[in-house]
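Thanks for sending this one over. Have a look at the model below, and then we can go through it together.

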Amino acid sequence: MRLTVNDVEHDLDLDPRTTLLDALREHLDLTGAKKGCDHGQCGACTVLLDGRRVNSCLVLVIAQQDARVTTIEGLGTAEEPHPLQRGFLDHDGFQCGYCTPGQICSAAGMLDEVERGWPSAVTAGDDPDLLSDPEIRERMSGNLCRCGAYPNMVPAIRQAAGR
Amino acid sequence: MKTFDYRTADRSSAGLAPEAMFLAGGTNLVDLMKLGVATPDVLVDVTKLPLDGITERPDGGVRIGATVRNSDLAADPRIRRGFPVLSQALLAGASGQLRNMATTGGNLLQRTRCRYFMDATKPCNKHAPGTGCPAREGDHRNLAILGGSEACVATHPSDMAVALAALGAVVRVDGAAGERTVPVTDLHRLPGDTPQRDTVLEHGEMITAVDLPALPFATRSAYRKARDRASYAFAVGSVAAALDVDDGVVREVRLAFGAVAPKPWRATVAEEVLRGRPATEESFRAAADAELEAARPLRDNAYKIDLIRNLTAAVLTRLAGEAR
């Protein structure tokens, strides 16, 4: 099967049980996406699949023929970090760093959702601010951080969004 | 995980092999396969079928394709405007990542999160019929107070389904015997002594769409969910409601409870009590109590009776206030 990861096309021949997360980490040597719970509960494995954030641990790669995947490695580099990576550095938005690739990929997908005007569970009113602090917290609730670095992630994401 | 063959579904997958299962978003099924609770020999992927549209019906209703993603449905302007309870229920569930994968049909067919069902090493009449139900004496804090049986007290975990029950949605099904429709409130079975069957669907029958009938007063509808943390957790109790008030009197009401039963619980007794009654908090509480008379709580989940009564009163009081 064919899969495009960070603009590089790959031909893969994998066991049907292989998740997207295991394909990235074990077969394509892209170890940025992390295996936390492996059950879709922690968000450490978040990547962008055809532009949308998903838990790669719950995606069977065999069902994603011709899909385009973006991982943390495809968002930015040490020399040219993505605005979200810059924001997390500037605001100290992490401690141990294990959840950070998932947090940043999730935030990238989330900012795109906000751009499209998608509501969240805390959105109210006709002219809401979709990037208020409660909005950012609600929209990022699928990404856990056991160090508890949440407070600094909020301004990090806000900076990346240019707010 | 047990190995399996993978194929994509044809338009009609009549004749699904006995140990085959449909795969849509996979957010629940892949997890259950990892846990060894689901062990299909074949996965038939339905996501390549043209079932991902949301279309308006001539009668003013809306048809939702079975593979419409939860996030797309929640954001759809027709749903947000005409059926806000459904958008709110979807957004109250799971996380942004999961809603991007999860589908309408898959959300309805997700399995209970009862810890004994999710653990293949534990007895459970749902995953291993006849082995017993440890939940009745064990951890049942978030299990059923309505509709359970000696054999099973699982709750259906969906938020979306509770809104669909209140809205009187109709599930469209395709199978070997042709197409048929099932009211969403009849889709899930009560467990009785055969809790292994969650729904009335025959093996191989596929959900193709969910129809929302026209319901003009659903523009005034809401979903309220109580849970153990502020976000990204299953409900311990939830209420979906739509309310039509005329001159301070309830003309029509739709009410459904979540996380209290093996199915989304349409509160028909409460609805009947409310029609023609003053739209006051007192009426709303009395109506919830009438519905909850049937509740049979276990040692650790009687709190759900108070919770559902309070949620019902809060949601309907707010909707009544908006009507003024």
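The notes below go through the interface first, then the salt bridges and the domains.

1. A word on conventions. This is a predicted model, so local features need pLDDT of at least 70 and side-chain atom pairs count only at pLDDT 80 or more, while totals for chains, interfaces and linings use all residues. Residues are numbered from 1 along each chain as its sequence is written, chains are lettered from A and ligands numbered from 1 in the order in which they are written, and side-chain values use heavy atoms, with hydrogens and water left out.

2. The interface. Chain A brings 34 residues to the contact and chain B brings 32 residues, where contact means heavy atoms within 4.5 Å. About 2700 Å² is buried between chain A and chain B, and carbon and sulfur atoms give 56% of that area. Buried area here is the accessible area (1.4 Å probe) that two parts lose on being put together, summed over both. On the chain A side, A:R17, A:L58 and A:P119 lose the most area to chain B, together 22% of what that side buries.

3. Polar links across the interface. The rule finds 16 residue pairs in polar contact between chain A and chain B, both residues at pLDDT 80 or more. A polar contact is a pair of N or O atoms within 3.5 Å; within protein, one must be able to donate a hydrogen and the other to accept it, and residues adjacent in sequence count only if both atoms are side-chain atoms.

4. What chain A's side is made of. Strand 3 (46-49), strand 4 (52-55) and helix 4 (100-115) of chain A each supply at least two residues of the side that touches chain B. Strand 4 of chain A gives the largest share, four residues. Helices (H or I, at least four residues) and strands (E, at least two) are DSSP runs, numbered from the N terminus. By class, this side of chain A has 13 nonpolar, 14 polar and seven charged residues.

5. Salt bridges. How many salt bridges are there between chain A and chain B? The count is two, and A:D38 with B:K34 forms a salt bridge at 2.8 Å, N to O. The rule asks for a side-chain nitrogen of Lys or Arg within 4 Å of a carboxyl oxygen of Asp or Glu. Over all chains the count comes to 39.

6. A pair within chain A. A:R158 and A:D133 meet in a salt bridge at 2.1 Å, N to O. This pair links distant parts of the chain, with A:R158 in helix 6 (residues 150-160) and A:D133 in helix 5 (residues 133-139), 25 residues apart. A:R158 is partly exposed at 22% relative accessibility, and A:D133 is partly exposed at 31%. For these labels, buried means under 20% relative accessible area, exposed over 50% and partly exposed in between (1.4 Å probe, protein chains only).

7. Pairs within chain B. B:E281 and B:R285 form a salt bridge at 3.1 Å, N to O. Both lie in helix 10 (residues 281-292) of chain B, four residues apart, about one turn of the helix. B:E281 is partly exposed at 38% relative accessibility, and B:R285 is partly exposed at 28%. Salt bridges that share partners also join B:E252, B:R266, B:E271, B:E272 and B:R275 into one network.

8. Domains of chain B. The assignment gives domain 1 (5-45) and domain 2 (219-323), with bounds that come from an automatic or database domain assignment. Their centres, taken over C-alpha atoms, are separated by 36 Å.

Terms used: Ala, Val, Leu, Ile, Met, Phe, Trp, Tyr, Cys and Pro count as nonpolar, Asp, Glu, Lys and Arg as charged, and the others, Gly among them, as polar.
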